[in-house]
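Let's take a walk through this one together, one piece at a time. Have the sequence and the 3D view open as you read.

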Amino acid sequence: MNAENPNIPLDRPVIRQLDDAAANRIAAGEVVERPSSAIKELVENAIDARATRIDISYADGGKTLIRVTDDGHGIPHDQMILALSRHATSKIDGSDLLNIHTFGFRGEALPSMGAVGRLTITSRVAEADIGSTITVNGGDIGLLKPAPATVGTAVELRDLFHATPARLKFLRTDRSEAGAILDVVKRLAMAEPHVGFTLRDVSGGGEGRIVFRADPENGELFAAMHGRLRKILGSEFAENCIRVDAEREGMTLTGYASLPTYSRGAAVAQYIFVNGRPVKDKALLGALRAAYSDFLHGGRYPVVALFVECDPERVDVNVHPAKAEVRFREPGVARGLMVSGLRHALAEGGHRASSTVANATLGAFRAPDASQPPRQYQMDRPSQGAIRTAYNAQSGFGESIADYSGRVETPVIEDTPTDHPLGAARAQVHENYIIAQTTDGVVIVDQHAAHERLVYEKLKNQMADNGVAAQALLIPEIIELSDADCATLMDAATELSRFGLTIEKFGGNAVAIRETPAILGEVNATAMIRDILDELADLSQTQTVQDRLEAILSRVACHGSIRSGRIMRGEEMNALLREMEATPHSGQCNHGRPTYVELKLSDIERLFGRT
Ligand code: ADP
Ligand code: MG
């Protein structure tokens, strides 16, 4: 029984108000999860203070020391203690939580850090002759003292989590914490191209080692953004990206996105920002995937740095303590903007294939090192194509020359002007490669890949209108399927009829194919159905109808394409080139591989050592 009141049992819990120190330690668990999250909060504070240069140092993966110094507006002497109090912020007055223009607004970061480490803030505002400094250690606020300082703020956080040893155990190795720090700094540096950043590892003491450095970029936003992205994502990205600048219902999308021919094997370089805030938002990443689904299949991921901006009232950034996720008031607008903005930009990128393709081509053409076996250039399927023959030509001269000239199917065509972007067809070699002459170079087109893309684009257009036109087979084709395949196919029958594919049950597990898409002409319907079955098996039910649709169309297109091996007449080849020029996305096949490569005369001269 309770000593003060014998009527209250001892084991009933009593509600108490937590003291500030405990409340701060709890908040710290959410806001300061690891060194990189502390750095994120400190750098964001510096950006909010309109700094133009931010220097960041850390030691031992940030576990023993973090220091962020800025040249922002500083904290006045009489507000230093307030800055360290919980829920004290200069950024909002609390009246409008939906109208937030700064990174910070919760007023939790500094008190949280002071609760779980040794935090020292030194700051000076322009009007003051001298700065002030104060230290908080495990929640105990020390004395506010005058201190010499330049205008701006320096925050030092030592021995993170020394006051909460249990949390220390959750930290990873110094190396992986350092990796997380670099990632955070890069993301913030992308969002603020006009601000200069330096990141140093000072584990060894002294000046330390510069891990990352980006000087302030000048000029208008796109130029600055492009310069900063070159610095962070590399010059290959900078040369193989397209500019994105779209708007929908007052929401804007800007930034740069890679051409489909420049992609990565994992989603490691997809940077998305909402109102300047780096986010890892599932919905937006999903929209990104949808935008590229037409060009990239099979585990390839575009590289992007994209910035969504809207009135702060239209997006809630307060759903996650570290603000990594956001909630749009109209999620459909954000998704639509992302998908259509990117597709539009990619369409304008037109038939451009990435320069990495041309470089790879040049690499392949380079005279072989006698001691090395010939390198094999991976292009689209039938990879035993013309280029490998070029090696044979170099190794076994006489024989290959005969081989070569004997295989030029089409003689030179004289009457087409060469000033089209893809030039005038001059020959077809190895029954799949069209050689065309442009004003300043040579284009090699993979006719199968190119045609596949053109058919696909046409199918998509038909689909967008009234569905794909069908053509009845004179004699229906009958295929025997397994139980499971038959069920899968019949489940999709209605969907498939919109693609111009009419199928019916034909007793047991047999299916009759009655109609195929007219645009394809004569096709091997059985092979096409088997391919579609593979595609249906691959497609997870969670994918959107649009994604499924495109995957299936792309399979269908494969079947209607001019197969490699078909000999083409001169007019046919030129018609294909003209159609490619007029068709968006024709620079890549449906799998993101290039449909053509271009060699400039200057490249050719380099190959022959003329320059
Ligand atoms: P929040 O950023 O959510 O306001 P913080 O705890 O991060 O909360 O910071 C509290 C306050 O301290 C800020 O509102 C700001 O007024 C001040 N402050 C923090 N860091 C800086 C800085 N680097 N420069 C100027 N003022 C700062
Ligand atoms: Mg803050």
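Start with an open sheet of three strands, which run in the order 22-24-23 with antiparallel pairing. Keep in mind as you look that this is a predicted model. At the edges sit strand 22 (470–480) and strand 23 (502–505), each of which pairs on one side only. On average, and ignoring direction, neighbouring strands of this sheet are turned by 20 degrees against each other.

As a bit of background, strands of a sheet pair through backbone hydrogen bonds, either parallel or antiparallel. Here, strand 23 and strand 24 (residues 510–517) go for the antiparallel sense, over four bridges.

Now jump back along the chain to a pair of helices. Two packed helices are described by the angle between their axes and the distance between the axes. For helix 2 (residues 35–48) and helix 4 (residues 109–116), the axes come within 10 Å and cross at roughly 140 degrees. Is that antiparallel or oblique? Over 145 degrees would count as roughly antiparallel, so helix 2 and helix 4 are oblique to each other. Their crossing is left-handed.

Which residues make the contact? Helix 2 brings Ala38, Glu41, Leu42 and Asn45, while helix 4 brings Ala109, Leu110 and Met113. Sorted by class, the contact of helix 2 with helix 4 has five nonpolar residues, one polar and one charged.

Last stop: a loop with some backbone angles worth a look. Most residues other than glycine have a negative phi. Yet His430, which is not a glycine, has a positive phi of about 50 degrees. Glu431 isn't a glycine either, and its phi is positive too, at about 55 degrees. Where do you find them? His430 lies in the loop between strand 19 (424–429) and strand 20 (433–438), and Glu431 has its place in the loop between strand 19 and strand 20 as well.

Is His430 buried or exposed? The cut-off for buried is under 20% relative accessible area, so His430, at 16%, counts as buried. Glu431 has 28% relative accessibility and therefore counts as partly exposed.

How values were computed:
Residues are numbered from 1 along each chain as its sequence is written. Chains are lettered from A and ligands numbered from 1 in the order in which they are written. This is a predicted model: local features need pLDDT of at least 70, side-chain atom pairs count only at pLDDT 80 or more; totals for chains, interfaces and linings use all residues. Side-chain values use heavy atoms; hydrogens and water are left out. Helices (H or I, at least four residues) and strands (E, at least two) are DSSP runs, numbered from the N terminus. Buried means under 20% relative accessible area, exposed over 50%, partly exposed in between (1.4 Å probe, protein chains only). Axes are lines fitted to C-alpha atoms, for helices over the stretch in contact, and angles run from 0 to 180 degrees between N-to-C directions. Angles under 35 degrees count as roughly parallel, over 145 as roughly antiparallel, 65 to 115 as roughly perpendicular and the rest as oblique. A crossing is left-handed if the near helix is turned anticlockwise from the far one by less than a right angle, and right-handed if clockwise. Contact means heavy atoms within 4.5 Å. Ala, Val, Leu, Ile, Met, Phe, Trp, Tyr, Cys and Pro count as nonpolar, Asp, Glu, Lys and Arg as charged, and the others, Gly among them, as polar. Two strands pair if DSSP finds at least two bridges between them.
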